[in-house]
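This report sets out selected local features of a protein structure. The sequence and the structure are shown first.

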Amino acid sequence: MPSGIEREGVMSVLSVILGLMGGLGLFLYGMELMSKSLEKAAGAKMRSVLEFFTSNRFMGMLVGVIFTAVIQSSSATTVMVVSFVNSGLMNLMQAAGVIMGANIGTTVTSQLIAINLSDWAPLFVMAGVVMSNFCKNQKINRMGEVILGFGILFMGLTTMSSSMSVLKESPMITQALGSLDNHYLAILVGFVITAVLQSSSATVGIVLLLASQGLLEIQICFFVILGCNMGSCVSALLASLGAKTDAKRAAWIHFLFNIVGSALILVILTAALEPVTLFIQYISGGNAAREVANAHTIIKVVEVIALFPFIQWIVKLTYKIVPGREEAGAEGFQLEYIGEKNVFSPTTAVFDATRELERMGYMAISNLERAMNALISLDEKEIQEVYEVEKNIDYLNETITDYLVALNQTTLPVDDAKSIGGLFHVANDIERIGDHAENVAEAATIRIQQNLDMSSQAKDGLLKMLGKVVQITTYALDMFSNNNQEHMQEILDLEDEVDEMERQLQQEHVDRLTRNECTPAAGMVYSDIISGLERVSDHATNIAFSIAEEPEN
């Protein structure tokens, strides 16, 4: 039977472990809540900022610093950048700048922890609860969740700190941590913990608390931080699995930057550990928490300064690691921007769906032109191609619709969530345009089978009407996918012109029938096609105005 003292010791250790686990859980949950809520509250605006300000590497780096400082997660920023590259929002050079900036921005978390806002944590939690639960405005709700996450994060730190203070009283723990003097082992510890927690900020936070409690020497903290740098690459590499080639390269940019940068810092620390330690201690005023936070920041800044001039070389190296080229405009039965194998980010989810619908729309209008050409030329090969492309359009319609249904059950940025209903309608309208192309191909088959003739006036009328329909559909897809309202009035005017042309061509057709210049069978085919083209124009107008206005209007 264990004695009462032994039982008390076991319970004390168990209490410390539970406290550490609970505190770490609160810390990670708070950080996740804060990051995700910011994406939901301002995801569309953040996307616009990234698009606008990443025109050059330096601006991209500054955006990466600010972006990551705000959402408190370099992993989240890097995963978002990978998804942006996957969506075509950003090229690799722009992504490299943002990724470098994200490495500096992530140090803001450790600086905030060193300031020790734990005493204010309950106030943040209360304010967040009030804003997220009692305010009707959705954006205020989201910001409330951000503040709530911030408060929970620091309450978790308080819980961990209290538990660690008990560890100081355990000779076994202090001796074990004090004996950790192997630099490479420290790097491995930092790497493994960060890879498991998927958050370098959480690992640095734990290291900071251990140092502030006197459980870890400052010099060994430097090497644990280097391990954190490398462990933080795991999130982006996992996010890029199955993504497009350039998205994989973006993840490798992050990996190479952190590995090369960490190797450089390791060389510096190995050669001048004592001077570096004295410098960190001097600027930190002897405060252990500030020493860890400042070391984290300085390491990241030195890495960026050293590697920024070599961005182009790093990008070129990713082409060696991830060879191959994207298949542009592939008409296979596959999704290019969305799908189970591609990167998913709430910030780009609706944008990805829009790009996929745009691709589907141009495929449909191109198929309509192909079908009309087959009708005029009676080319059986083109008729079969129309049917094959229509199968692709049907596949895209089904899979995109399934994706939108799944998105509708996900919490998205406020502005993006409003457009989901419109996207369902766009998918349906594009699918109907594809059906009309198939109808024209069927009409071409009837012409071949029944040997139906068509007058040159009828052919000219169809081609002129097709030209207007293609133009209005092209304008509509541009307005839908790029929110380009430059051709809004032209779309309205073209819609009226197509309606008038349909009436005019139908009347001319009746006149030709009266004069016995065409057969009733050929006339029926002609009349159906004209009516179909007019409906395509209606669908195009629907597409143009699908998400042009707010739902309440």
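## Basis and helix α20

The model described here is predicted. Helix α20 covers residues 420-450 and comprises 31 residues. From its first C-alpha to its last, helix α20 reaches 45 Å, which is close to the 45 Å expected at 1.5 Å a residue. Asn 451 follows α20, and the phi of Asn 451 is positive, near 55°.

## Cysteines

A disulfide is a covalent bond between the sulfur atoms of two cysteines. The structure holds 0 disulfides. Cys 221 is in no disulfide, and the cysteine sulfur nearest to that of Cys 221 belongs to Cys 228, 9.9 Å away.

## Aromatic pairs

The structure holds 3 aromatic pairs. One of them joins Phe 124 and Phe 150 in an edge-to-face arrangement, with 5.0 Å from centre to centre and 85° between the planes. This pair links distant parts of the chain, since Phe 124 lies in helix α6 (residues 121-134) and Phe 150 in helix α7 (residues 138-167), 26 residues apart. Phe 124 is partly exposed, with a relative accessible area of 27%, whereas Phe 150 counts as buried at 15%.

Another pair is formed by Phe 310 and Trp 313, whose ring centres are 5.4 Å apart. Phe 310 counts as partly exposed at 36% relative accessibility, and Trp 313 counts as exposed at 61%.

## Phe 27 in helix α1

Phe 27 is found in helix α1, which covers residues 4-53. At 0% relative accessibility, Phe 27 counts as buried. Phe 27 and Gly 156 are separated by 129 residues in sequence, yet their C-alpha atoms are 4.6 Å apart in space.

Which residues does Phe 27 touch, not counting residues up to four places away in sequence? The contacts of Phe 27 are Ile 113, Ile 152, Leu 153, Gly 156, Leu 157, Met 160, Ser 201 and Ala 202.

Ala 295 belongs to helix α15 (residues 288-307) and is buried, with a relative accessible area of 3%. Beyond residues up to four places away in sequence, Ala 295 touches Phe 222, Ile 225 and Ile 280. Thr 277 is 18 residues from Ala 295 along the chain, and the C-alpha atoms of the two are separated by 8.9 Å.

Thr 473 is placed in helix α21, which spans residues 456-482. Is Thr 473 buried or exposed? Thr 473 is buried, with a relative accessible area of 1%. Apart from residues up to four places away in sequence, Thr 473 touches Ile 365, Ile 433, Val 536 and Ala 540.

Technical notes:
Residues are numbered from 1 along each chain as its sequence is written. This is a predicted model: local features need pLDDT of at least 70, side-chain atom pairs count only at pLDDT 80 or more; totals for chains, interfaces and linings use all residues. Side-chain values use heavy atoms; hydrogens and water are left out. Helices (H or I, at least four residues) and strands (E, at least two) are DSSP runs, numbered from the N terminus. The expected span of a helix is 1.5 Å times one less than its number of residues. A disulfide is a pair of cysteine sulfur atoms within 2.5 Å. Buried means under 20% relative accessible area, exposed over 50%, partly exposed in between (1.4 Å probe, protein chains only). Contact means heavy atoms within 4.5 Å. Rings of Phe, Tyr and Trp (its six-membered ring) pair if their centres lie within 6.5 Å; planes under 30 degrees apart count as stacked, over 60 as edge-to-face and the rest as tilted.
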